[in-house]
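Subject: Handover of a structure and the findings on it

Dear colleague,

I am passing the following structure on to you, together with a short account of what was found in it. Please read the account with the structure open beside it.

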Amino acid sequence: MNETKKNIFLLSFILILANLVQSDELLFAQLERAIVDDGNIVLTASADVQCNATCLNSSTCEVKANFCYIEGECYSENETRSNSSLTCLQCLPEKNQTSWSMKPSCLPNSICSNLTLLLQNVCHNKNMILDFHVNHEAAITKYYDFQGCNQKDRQCQAGFFFNDTNPQPLVCCPGFFCPEGQRCMIPCRRGAYCPSPLTPSNGICVAPVSKCPQHQMKDYEYYGCGGSAKESYCPARSYCKSPAERQACVNDSSYCPMGVDKELSCPPGFTCIDGVARRTRLLVKVVITVLCVVLGLTICAVLFQWLALKKKLFGQHGIIDPPGVSDYFRVRLNHHKTSQHIQLHIHLNRAKLRNVTRFNSELNEGFTGRIGAGKITALMGGSGCGKSSLLETIHGRRRLQRDGYITFAEYEPLSSELTDYIGYVPQADIMHNDLTVFETVYYSARARRLNDPSRVIKNDVCFVLQKLGLQIMHNNLTKNLSGGQRKRVNVAMEVAACPKVLLLDEPTSGLDTASCDDLFDLLELIKYSAAGPVTIITVIHQPSQELFEKIDDIFFLTPLCCLAYQGPRHQAKEFLKQKLFEDLNRCPTPRHNDCDTCFIMLTKAQEHIENHFVEDERVHQPLTTYPILKRIFLPFFYVLSRCVRQIYIRGAIVEALYLLAYFVLGTCIGYLFENAQQDECDIKSLPTIYFLLSLAFGILTCISSQRLFGVEITDQTFERESRNYYHPFQYWLAKSLVDIIRLVLYPLLFLSMMYIEIVPRGSFAYYLAILVLLSFVCSGIGQLASVIFSRTEYAYLAGTIVALLSCLLSGFSPPKADLGRMGFITTISFSRHVQNSLFHHETSLYVTNGTDRTYIWSVQIESLRKHYSFEDNEHPYLWLLCIGLFLRLLTLLFLYGKSEYRSKFRFHVTHAVPFLTSLFSCRQCRKRSPARAYAKPQQLQIFSYQQAYRNIF
């Protein structure tokens, strides 16, 4: 009924306009209502019209027998329109008294049913037939038969063909169309509807209602209404098994868009009524479901955090005994044998620092000495004298100059055997801001203590936090801590891991006196606990006298980066006094704090360049490592669990915002092309839809995916954890697995509304699979950008530009053919492969196969394929997969290069670029003032040694 009402309205509107132009008041008065009789629209006279025509009954306004009342005129039986012998419009009262009927002599009769006769009247010029399919108007001009069509007799009218044995024009057969200027018929293709004869009504030929502008109803011509003049698409809400028949789509489990030859299965979730896939209820369901799920999960995650962090209803931890704390935090008893425990003494021989401005490699022979286990050793000196540089060199973060080495027993700093034995507390308080204090320390310890039970590690964490005065801060997020509290957490992260060598870079900065005492009490406990001696080295500035007395050994550095003294703390002041001042009267006045006195003496000896030399012998110390399976799987599992907590629990609100952003963006794109594929006979919008889809989704994904690695690259937590926690590959793999949820969930939300609004013929599952591949590629771009650039704004800009360029160079505009020699660049465009795959899949549902030209859609498909150069051999799925894998491989390589994983290969690869740059720049490392005179150092004993740096540099 809806279709009928639309037809009546259109026809009435056209007739009203025509009558206004013609100023025919009688006909306009009669046009008041319309009825439908067997699918044909006819007009009836109004009851208000005066029945003064000769063929109308004056009282009832009924048409008299043997007469026709058509278009406000009376016609007698068998009378033709305009009394022409050639016209096919004739008054046949027995058939219809209010509309023209087709003259029997104009009907093709047996020609349409007889194959032999039919073939005689069909056009045989294949090129002409193809041109009419491609461009109807241009083909009329090109192939107009001037010789066979006599214009004076008005022959070769559209909708009619001519038989050589019959001068009377014949109506075009059903399933064929007869263009203007041709005497033969052209067969209609599959998916088309070519009815015959057309119904004449009030000056127009009623054709199948269609939104296609080239297939609208036309006015009468000389012969009247014949068959189809053009090939028309099978109207929506019906299907055409053949071009000659049209059937309504009444099955509730199917729908019929424009130009189909069979019913299509109703898409899942849609309601199909009268051949239309209706989505109103589905839209409401999807919106409500998405909002409820996203908001529900977010509320649950926020509520969980509120109960745990604010109300402290769960997640509380305390020391449980048994098992109590580990031996690492137990006081050593006299009966414990030291020889049973690992002792890592640090040996230095001619160790020359790199990239330290004040270190003169020509005059300074480097540091030679020993740092013993079971002691707290302090590196002290003025600002810029190289204390932190020396500590980083001991740890393996910096290179030494040639002809020098540092070893832990017989192991070099970059030996993988030391991974489980060294803890490094950086000067900056580097930690995850979205974890609690307890979680931060626990994950740090759990990833390195692979043999210890979880309960013991939790007890140790609680013990360390209690010793550092953080026992009431367990459930506080680290981002809410003060500077001093963060410093103590920074120390606790390494102490709880129970290392055998503990390096601390200015651990007392920002701490009050009580906190410093707590820290050194803890260090005194672990330096020689029941688990054996620990080598503790700390850089410290101006400790109080009480803290200074808790230090066992001291390395004092002069302003010129020389080792002025190494040895016991209580001997330092007297040694410096005797070594630096030949005239004791020039020695500074002692101060209350012995440390301050030593500092003053060092500042008075600005020109001192001699290193304090201590002979040393290496001590053999075998080290054990964890089994390979534990080393591979346990750190990976701990990183995985931590990332899940960070992303989907602590970051629930941010995730919800991104989910809604994808949902809204997909809704907007779908709204632009709402219902574009059901009632349209033009598929030129398909490439535009796919381009916008890849552009919008690609840019948003390139931005959102940078959170996976970018946050931890920016705040340097990855750099810190890679020193001892895990291999970069374990970190990358764990993060990538956590991100799989996003790879599927983001495309699902983006597509949910867009698919419903556009209603394509392809399945939802296929579109989702392509978007998952697109997400795989674009997330790789974002992750790579976040790893390359340490600053967030640079990474966002780079990711957005790459995504935009990939879409602009996809061959959409300008097309690939216009790029010339640069056309190959479309191969690496993710947008190109998305457009190609979706176009081939969607258009394959319009025709049986891409080369089948028997379908009405084939010309449009072929035209678009040539314009955009969508070739079948581009392998879009393979390219999308390869590009995504390649981007992830590059991400892994950059992560490996930015890590501080304890490996010689990693170290030298990481520093290869700066080293090559320094070689090609041909610049001196430092410019020295010629006015400064240095004293010639004392010749030191040189030991024979082998070390890795000589082989490389």
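The paragraphs below go from the whole chain to selected parts of it.

Please keep in mind that this is a predicted model. The protein has 953 residues, and 54% of them are buried. Its secondary structure amounts to 29 helices and 32 strands. Taking contacts between residues at least 6 apart in sequence, 71% link residues that are at least 24 apart. The accessible surface is about 43,400 Å², and carbon and sulfur atoms account for 57% of that area.

The record comes next. An unreviewed UniProt entry assigns the feature "transmembrane region" to residues 282-304, 652-673, 685-703, 764-782, 794-812 and 877-896. Two of these stretches were examined in the model. Residues 282-304 are 100% helix and 0% strand, with 32 Å between the C-alpha atoms at the two ends. Residues 764-782 are likewise 100% helix and 0% strand, and here the end C-alpha atoms lie 26 Å apart.

Two sheets deserve a description. In general, the strands of a sheet pair through backbone hydrogen bonds, in a parallel or an antiparallel way. Strand 22, covering residues 346-351, is joined to the antiparallel strand 25 by 4 bridges. Within strand 25, Tyr 405 is the residue that stands opposite Asn 349.

Ser 201 has Ile 204 of strand 13 as its bridge partner.

Ser 101 belongs to strand 6, which spans residues 96-102. Ser 101 counts as buried because its relative accessible area is 8%, under the cut-off of 20%. Leaving aside residues up to four places away in sequence, Ser 101 touches Cys 88, Leu 89, Gln 90, Leu 92, Lys 95 and Asn 96.

Finally, there are the aromatic residues. The structure contains 30 aromatic pairs. One of them is formed by Phe 438 and Tyr 442, which are stacked with 5.9 Å from centre to centre and 10° between the planes. Phe 438 and Tyr 442 are about one helical turn apart because 4 residues separate their positions in helix 8 (residues 437-446). Both Phe 438 and Tyr 442 are buried. Elsewhere in the list of findings, Phe 691, Phe 812, Phe 839, Tyr 868 and Phe 870 make up one aromatic cluster.

With kind regards

Conventions: Residues numbered from 1 in each chain as written. Predicted model: local features only at pLDDT ≥ 70, side-chain atom pairs only at ≥ 80, totals over all residues. Heavy atoms only, no water. UniProt positions renumbered as here; feature names shortened; annotations may be inferred. Pairing = 2+ DSSP bridges. Buried < 20%, exposed > 50% of the residue type's maximum accessible area, 1.4 Å probe, protein only. Contact = heavy atoms within 4.5 Å. Areas by Shrake-Rupley, 256 points an atom, 1.4 Å probe, with all protein chains shown as cover. Phe/Tyr/Trp six-rings, centres within 6.5 Å; stacked < 30°, edge-to-face > 60°.
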